[in-house]
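I opened the model to look up a few local features. My entries follow.

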Amino acid sequence: MADETKIEIPEALTITDADFTRLVQFVQNKYGVDLRQKKQLITSRLGGTVRSKGFRNFHEYVEYMLKSSTNEDINQLMNKLTTNYTYFMRETGSFDYFTKTILPQVTQRHQRDKSMAIWSAGCSSGEEPYNITMYLFDYLGSQASTWDTRLLATDLSMDALAKAQKGVYELPETLPPRWKQSYFVPQANGHYEVAPKVKNNVIFRQFNLMEPIRFRRQFDVIFCRNVMIYFDNPTKTALINRFYDATVPGGYLIISLSENLPPNTRYQRVATSIFQKR
């Protein structure tokens, strides 16, 4: 006889307009991410989290997040609502300009102190800052050991930073074979770990881009690619102004091909997705 036991499927949770607005404002004020058009995404991606934390509905969850949430809760929320997707050799045209135009200027500027300042803002799982390091080492060649090329890499997500610091990846076919040999250590499972000399060139830190930028020195180059796609125009403009103040005169901001800067920016566009502080 067939088993007629019914499997109960939990009813999908819904969020009221009021709670949706409260959560959207909370995320935007604190982290800059604009979720105003993402109601369906919020309910689909957070429904399981609401239940797993023991809340009966979204209202209880929103109340908790706004009043009592921990850093771990925030980290879980942002990981659910944003996508930490990146890869090696992304938008190589920007790296070509970086190598052929920017690095000659930066090395000339720092001939005396031999110390450059580069920031990967929104570094996700680490491919970008490690990739930058490979280009730096290639450009400097035998002189690399005489330079301080350590770069700062920041992200909001602790999960992404943990993966970045581990530095183990599947490598794309587009990666130059000599880089695979020089800058990676093969692992038993077919993955590759970033070589110690590359790992040691990157300083990973958690940082919220909505906070004031108060690092020790201004930057020669700031990479911030595929981050501002989550921001509305006022948030983007405010961040770009903070970037500008944190850039040395003659320094650069590099964004992604899918982004652009507002027309009133103080940076000057010098190439596709590349801007300079004149």
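**Strand pairing**

I looked up S4 and strand S5 (residues 192-194) and found them paired in the antiparallel sense over three bridges. Two strands pair if DSSP finds at least two bridges between them. Helices (H or I, at least four residues) and strands (E, at least two) are DSSP runs, numbered from the N terminus. Val185 stands opposite Glu193 in S5.

The model is predicted: local features need pLDDT of at least 70, side-chain atom pairs count only at pLDDT 80 or more, and totals for chains, interfaces and linings use all residues. Residues are numbered from 1 along each chain as its sequence is written, and side-chain values use heavy atoms, with hydrogens and water left out.

I then traced the open sheet of three strands, whose order is S3-S5-S4 with antiparallel pairing. Strand S3 (168-169) and strand S4 (184-186) stand at the edges with a single partner strand each, so one side of each has no neighbour in the sheet.

**Helices H5 and H6**

I checked how helix H5 (residues 92-109) and helix H6 (residues 127-140) cross: their axes come within 11 Å, at roughly 50°. Axes are lines fitted to C-alpha atoms, for helices over the stretch in contact, and angles run from 0 to 180 degrees between N-to-C directions. H5 is therefore oblique to H6; angles under 35 degrees count as roughly parallel, over 145 as roughly antiparallel, 65 to 115 as roughly perpendicular and the rest as oblique.

I listed the contacts (heavy atoms within 4.5 Å). Among the H5 residues that meet H6 are Phe95, Phe98 and Leu103, and the H6 residues include Ile132, Tyr135 and Leu136. By class, the contact of H5 with H6 has nine nonpolar, four polar and no charged residues. Ala, Val, Leu, Ile, Met, Phe, Trp, Tyr, Cys and Pro count as nonpolar, Asp, Glu, Lys and Arg as charged, and the others, Gly among them, as polar.

**Phe98**

I followed Phe98, which lies in helix H5. Phe98 is buried, with a relative accessible area of 0%; buried means under 20%, exposed over 50%, partly exposed in between (1.4 Å probe, protein chains only). Not counting residues up to four places away in sequence, Phe98 touches residues including Ile118, Val221 and Phe223. Phe98 and Tyr252 are 154 residues apart in sequence and 9.4 Å apart in space, C-alpha to C-alpha.

**Positive phi**

I noted Met89, not a glycine, with a positive phi near 65°, in the loop between helix H4 (71-81) and H5. Met89 counts as buried at 14% relative accessibility.
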